[in-house]
Amino acid sequence: MSGALGRFRFMAYVVGVGLLGLVVAMFVKYLGDNAGMMAVVGPVHGFLYAIYLVITVDLALKARWSLKGTALVLLAGTIPFVSFYAERKVVESVRAERAL
């Protein structure tokens, strides 16, 4: 399960940073009237989030998380800074062999 946890941790950080980039791109688009950055960052974040979903479900199945816990961790990649918090909680939970 350490491989699944490592993949999850990596993707949680990647998606968290990507989401912050997406927020910056949205500010540039709407406040600076320039959609160029959003045209690149938006699809990249969407692709990375899809990978995050698959990796999270893989870890959830291996760690036997509840449906609610799995859904909350999946949603963590959609709110800025929450994926970083969720990553810490998931690591603590998996290392202590507790289900979410």
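A residue is called buried when its relative accessible area is under 20%, exposed when that area is over 50%, and partly exposed in between, with a 1.4 Å probe and the protein chains only. By that rule, 36% of the 100 residues of the protein count as buried. The model is a predicted one, in which local features need pLDDT of at least 70 and side-chain atom pairs count only at pLDDT 80 or more, while totals for chains, interfaces and linings use all residues. Residues are numbered from 1 along each chain as its sequence is written, and side-chain values use heavy atoms, with hydrogens and water left out.

**The whole protein**

The protein has 4 helices and 0 strands, where helices (H or I, at least four residues) and strands (E, at least two) are DSSP runs numbered from the N terminus. Read from the N terminus, the order of its elements is α-α-α-α. The C-alpha trace spans about 50 × 20 × 20 Å along its principal axes. If contact is taken to mean heavy atoms within 4.5 Å, then 68% of the contacts between residues at least 6 apart in sequence join residues at least 24 apart.

**How helix H1 packs**

Helix H1 (residues 2–31) packs with helix H2 (residues 36–63) at an angle of about 155 degrees, their axes lying 8 Å apart. H1 is therefore roughly antiparallel to H2, a label for angles over 145 degrees, whereas those under 35 count as roughly parallel, 65 to 115 as roughly perpendicular and the rest as oblique. Such axes are lines fitted to C-alpha atoms, for helices over the stretch in contact, and the angles run from 0 to 180 degrees between N-to-C directions. The contact of H1 with H2 holds 22 nonpolar, 5 polar and 4 charged residues; here Ala, Val, Leu, Ile, Met, Phe, Trp, Tyr, Cys and Pro count as nonpolar, Asp, Glu, Lys and Arg as charged, and the others, Gly among them, as polar.

H1 also packs with H4, their axes coming within 9 Å and crossing at roughly 170 degrees, which means that H1 is roughly antiparallel to H4. In this contact, residues of H1 including Leu5, Phe8 and Val15 meet a set in H4 that includes Phe84, Val91 and Arg95. The residues of the contact of H1 with H4 divide into 11 nonpolar, 2 polar and 4 charged.

**Single residues**

| Residue | Relative accessibility | Class |
|---|---|---|
| Tyr49 | 16% | buried |
| Ala50 | 37% | partly exposed |
| Phe81 | 56% | exposed |
| Arg64 | 70% | exposed |

Tyr49 lies in helix H2, and, leaving aside its neighbours within four places in sequence, Tyr49 is in contact with Val15, Leu74, Leu75, Gly77 and Thr78. Ala50 also has its place in helix H2; between Ala50 and Leu100 there are 21 Å in space, C-alpha to C-alpha, the two being 50 residues apart in sequence.

Arg64 belongs to the loop between H2 and helix H3 (67–75), and has a positive phi of about 60 degrees although it is not a glycine. Phe81 is found in the loop between H3 and helix H4 (82–95), and its phi is near 75 degrees, a positive value in a residue other than glycine.
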